[in-house]
Amino acid sequence: MADAEPDTDTGPETDTAPETTTEPEPAGPGRLARFGDRLRRALLPRLTRLLVSVLAGALMCVSFPPWGWWYCAFPALAALGWVLTRTQTTRAGGFGYGLVFGLAFYVPLLPWIGSLVGTLPWLALALLQALFPALFGLLAVLVRGLPGWPVWFAAEWAVGEWLKSVVPFGGFPWGVVGFSQAGGPLLPLAQIGGAPLVSVAVALVGFSLTAIGLEIVLWWRHGHPDHAAATTDAARPEVVLPGVCICVVLLGTALVWPAVRQAGAGAGAQPSITVAAVQGNVPRLGLDFNAQRRAVLDNHVAETLRLAADVQAGRAPQPMVVIWPENSSDIDPLINADAGAEIAQAARAVHAPILVGTVLRAPGYTPKNPAATNTVMVWDDVTGPGQRHDKKIVQPFGEYLPWRSFFRHISSYADRAGFFVPGTGDGVVQAAGVPIGVTTCWEVIFDRAAREAVLNGAQLLTVPTNNATFDEAMSAQQLAFARLRAVEHDRYVVVAGTTGISAVIAPDGRELARTKFFEPAYLDASVRLKSGLTVATVWGPAIQIGLIVIGVAAVIAAMLHNGGFFVRRHEGSFVRRRRTAASAGLDLQPDAGRAGQPDAGSAEKPDAGSAEEPDAGSEDKGST
């Protein structure tokens, strides 16, 4: 890749320059001052874009719980779009600004990771996740020269979120923008395309706002009423496509919303049942949760007995099914007779089957390799243990440790990772004749888990979870995922947590009932059993593939448009001519509305350290 050319010509080199003898540069304040001067000259031209990138990442973070300011996602992406459409932002710069955005987003979003595995792994995970917005930044700068750039930016965002959901180690979809909209007006779009479509809708609106904002600024500067052409410039065609994009998103939401709202209101002839979720709580939060196994089981038995007493006294309706959280019985009840007896006692008292979160030995178990399954088992009040769901998507670095011999040298927490193995099955268990889809804790953030259960006949979804090793912020974020799944698949969702937050969620994403964090409690609510399939359930993967194909096609088109992925040395000549013209008071700006157009009067330089100048293709006409 060719090095970036200097900004000014230094004249031809000559061979007659006198030779001079230079002394070695002395160490001390002089060298430090020169380093500071070089650093200042490198940062000052980019300071505005760096600060805007940090602000954009922070805005994206607070759009998620526990803050839940969903509307901040739009200005977050609009601000990032402004940074990436500056002519001074090269592809290497786009990668860098995307990385800064990602760090400002993920570091404050994921501090609960530190309580599980320590500060270094938390920051390492945040850095790893920040690489995906960085990749988006690079691709965005590549495609910004294409007509209609807000559309291609949104498609590249879809590509980045898909990648982070599959790599590495199976992916980490935490932070997918669609999950920030659990309380926002675009949530109904989840019923059409799930979280990927909601994310693209947010991105499309955000980047369209960038385009409209740029056009307003250009109109104000060049089409103000002081100019004769003001009346025509006010209707520039470059704002039409972004405006259409926003209208399409709003219109699509308006068309879907009535059906979603009707589903949440309980309209229809679907049968209803009463379901209970028990939150037994733990003696102490933290990693020593496993040392409290018997106390945790006792707490859930006691809370279930309290529910049974309230039912007998008429203070609570009789549940048809009771749901316990993940790890509510970390003592294997099939081996430990005492644990099995306690669960049986609770089931008989409440006169209903209990979905028990437990840990069972897996085939191949040995003391050196204590392989286990993270299981939700149906414990019938009459027949005892029955069907089970073994967690199919196990959590890396928590439930199992990839490259164990390597990572134990990075963190002392590594050896605390489990030896869980993924299970098989269809994600559905039968309890009291009701097909219940189970997405255990970590599984709820993956699109395929709930979809598989619903396609296999689940009429009700449940999310048994154990957040005793985390905090309330993490629990609130996980609850937002469950709210989107409810809308996506038109199902009631019951979340049962050892420490909370437990909830019953309607098909429109509303919380019908909710517990507080770190307290014993139970929820007893009426839900409807639904069997219809949404567009997202059936076609969600195809819609996501379509979005990815659009993003990849845009990259290929941009490469053809720009003559390759990297810009050749001579293609930077336009930028240098523009700078020279600007210093002479001339105007060589391309048509307004182009992504990558320089600010009027700007003398800002492209990002140094890049092996390229800004795209020559991004200076062409007719962009938007």
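Two strands are taken as paired if DSSP finds at least two bridges between them. In this predicted model, strand β1 (residues 272-279) and strand β2 (residues 321-323) pair in the parallel sense. Three bridges connect β1 and β2. Val-275 stands opposite Val-321 in β2.

Both strands belong to an open sheet of six strands. The strand order is β5-β4-β3-β2-β1-β12, and the pairing is mixed. The edges are β5 (384-390) and β12 (521-528). Each edge strand has a single partner, so one side of each is left without a neighbour in the sheet. From one strand to the next, the twist averages 35°.

Helices pack on this sheet. Helix α11 (residues 293-312) touches β1, β2, β3 (354-361) and β12. The direction of α11 makes about 60° with that of β12. Helix α12 (residues 337-350) lies across β2, β3 and β4 (372-380). The angle between α12 and β4 is about 40°.

A nonpolar patch is found on the surface. Its members are Leu-455, Leu-533, Val-535, Val-538 and Trp-539. Together they have about 480 Å² of accessible area. Helix α16 (residues 535-562) supplies the largest share of the patch, three residues. Val-535 is placed in helix α16. The relative accessibility of Val-535 is 39%, so this residue counts as partly exposed. The partly exposed class lies between the buried limit, under 20%, and the exposed limit, over 50%.

Notes. Residues numbered from 1 in each chain as written. Predicted model: local features only at pLDDT ≥ 70, side-chain atom pairs only at ≥ 80, totals over all residues. Heavy atoms only, no water. Patch = residues over 30% accessible without salt bridge, like charges linked within 9 Å, V, L, I, M, F, W, Y side chains within 5 Å. Areas by Shrake-Rupley, 256 points an atom, 1.4 Å probe, with all protein chains shown as cover. Salt bridge = Lys/Arg side-chain N within 4 Å of Asp/Glu carboxyl O. Helix = DSSP H or I, 4+ residues; strand = E, 2+ residues; numbered from the N terminus. Buried < 20%, exposed > 50% of the residue type's maximum accessible area, 1.4 Å probe, protein only. Axes fitted to C-alpha atoms, helices over the stretch in contact; angles between N-to-C directions. Contact = heavy atoms within 4.5 Å.
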